[in-house]
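Notebook open, model loaded. I want to look at one chain first and then at how the two chains meet.

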Amino acid sequence: MINDRYILPRYFNILEENGNAKYLQCKYIPVRFSKTENNKSLWEKHRSAIENTKLCDIIPEKSLLDLKIELASRIFRECCFCERRCRVDRNLESGNCGVKKPSIASEFLHFGEENILVPSYTIFFQGVHFIACFARTGI
Amino acid sequence: MSKMIDTRKKQGAKNVNWVGGDPTPNLYYILKTLKFCRVNIPQIWNSNMYCSQETFEILNGIIDVYLTDFKYRNNECALRLSKVDNYIEIIKRNHKFAYENGEVIIRHLVIPNHIECCSKPVIKWVANNLSEVAFNIMSQYHPEYKAYNYKEISHPISKNKFNQIKKYVNDLGIQEL
């Protein structure tokens with residue numbers, strides 16, 4: 001039988017409030033950037049912020065999460081989230097995945113996932129970038 | 001959506017499980033949601049792992065657990081059954097990235113007649129490269145969608161064959177969920 005804690009120690013720490021989810025930490029990592037900067041400059045700042053993680057006591061004016069949102073918004077306009085790399089502007093059209101603007105198909109407390117995950121708040125989006133010929137739910 | 005995450009945690013949710021289709025095309029929306037979210041709850045990326053390197057760099061620092069799907073062990077099977085190119089190179093790269101930057105649960109669905117070409121080599125690669133992951137080997141394959149057009153996968157997996165794979169997993173010392 002698997003030792004769940006050995007494999008997923010951070011996950012259990014968060015569940016027991018002995019550690020913070022990564023996305024929360026991300027909000028406390030200060031980053032200085034401007035929306036007018038080019039992609040190369042923003043990616044360099046992103047890598048640097050990840051390599052030299054410094055957490056503030058209060059939420060900074062701009063955080064690593066804000067930088068990630070800016071980078072994601074740029075990818076969204078010339079989409080390469082997946083390796084199909086359609087390069088479409090998703091504000092205007094969908095790529096191979098069929099997703100233009102995200103749409104949530106359903107969301108609920110899921111009890112059918114792995115034991116250590118349930119109940120899991122599962123958020124299903126529409127659209128997928130590849131589909132197996134035997135797929136039931138589109139993955 | 002961020003309010004819903006708060007509500008669902010109060011109702012007992014252990015985690016937020018981003019799934020599709022696939023969550024990859026929706027990353028921008030997910031990040032904007034998390035901007036307004038305050039609750040301490042693990043984020044799970046439930047994906048086929050066909051995302052780009054750029055996506056993975058953005059996920060680093062956001063996702064706590066990668067719940068991945070490792071279907072095939074060669075590009076021919078991936079192209080034939082999922083119509084996708086360069087599957088193996090991308091999936092291996094992304095699994096290594098996930099392993100270095102988060103905690104990982106790998107799912108592998110055993111497909112009939114893909115045991116020697118896919119299941120066993122997938123399991124062996126995981127054992128050799130990602131020793132400390134949880135592995136969920138799944139038997140519930142059922143021919144759906146266009147599967148009847150492919151003779152070798154037009155029936156469920158036999159119990160005997162599935163048990164062989166389970167033994168193979170255990171013999172390699174992989175942590176099975």
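This is a predicted model: local features need pLDDT of at least 70, side-chain atom pairs count only at pLDDT 80 or more; totals for chains, interfaces and linings use all residues.

**Chain B by itself**

I looked up how far apart in sequence the contacts of chain B reach. Of those with a separation of 6 or more, 70% are between residues 24 or more positions apart.

Next I went through the secondary structure. I find seven helices and six strands in chain B, and along the sequence they come as α-β-α-β-α-β-α-α-β-α-β-α-β. I get 17 Å for the radius of gyration of chain B, close to the 16 Å from the globule rule for 177 residues, so chain B is as compact as a globular protein of that length. Its C-alpha trace spans about 50 × 35 × 30 Å along the principal axes. I also checked burial: 47% of the 177 residues of chain B count as buried.

**Where the chains meet**

How many residues of chain B are in contact with chain A? I get 69, and they touch 59 residues of chain A. On the chain B side, helix α2 (residues 27-35) gives the most, with seven residues. Sorting that side by class, I have 33 nonpolar, 20 polar and 16 charged residues.

**The sheet**

Then I followed the strands across the boundary. I picked out two of the positions: Thr122(A) has Asn17(B) as its bridge partner, and Ile123(A) stands opposite Trp18(B).

Zooming out, I see an open sheet of eight strands with mixed pairing, and I note its order as β1(A)-β2(A)-β1(B)-β2(B)-β3(B)-β4(B)-β5(B)-β6(B). Which strands stand at the edges? They are β1 (104-110) of chain A and β6 (175-176) of chain B; each has a single partner strand, so one side of each is left without a neighbour in the sheet.

Notes. Residues are numbered from 1 along each chain as its sequence is written. Chains are lettered from A and ligands numbered from 1 in the order in which they are written. Two residues are in contact if their C-beta atoms, placed from the backbone, lie within 7 Å. Helices (H or I, at least four residues) and strands (E, at least two) are DSSP runs, numbered from the N terminus. Ala, Val, Leu, Ile, Met, Phe, Trp, Tyr, Cys and Pro count as nonpolar, Asp, Glu, Lys and Arg as charged, and the others, Gly among them, as polar. Two strands pair if DSSP finds at least two bridges between them. The radius of gyration is taken over C-alpha atoms; the globule rule is 2.2 Å times the number of residues to the power 0.38. A residue is buried if 20 or more other C-beta atoms lie within 10 Å of its own, exposed if 12 or fewer, and partly exposed in between; C-beta atoms are placed from the backbone.
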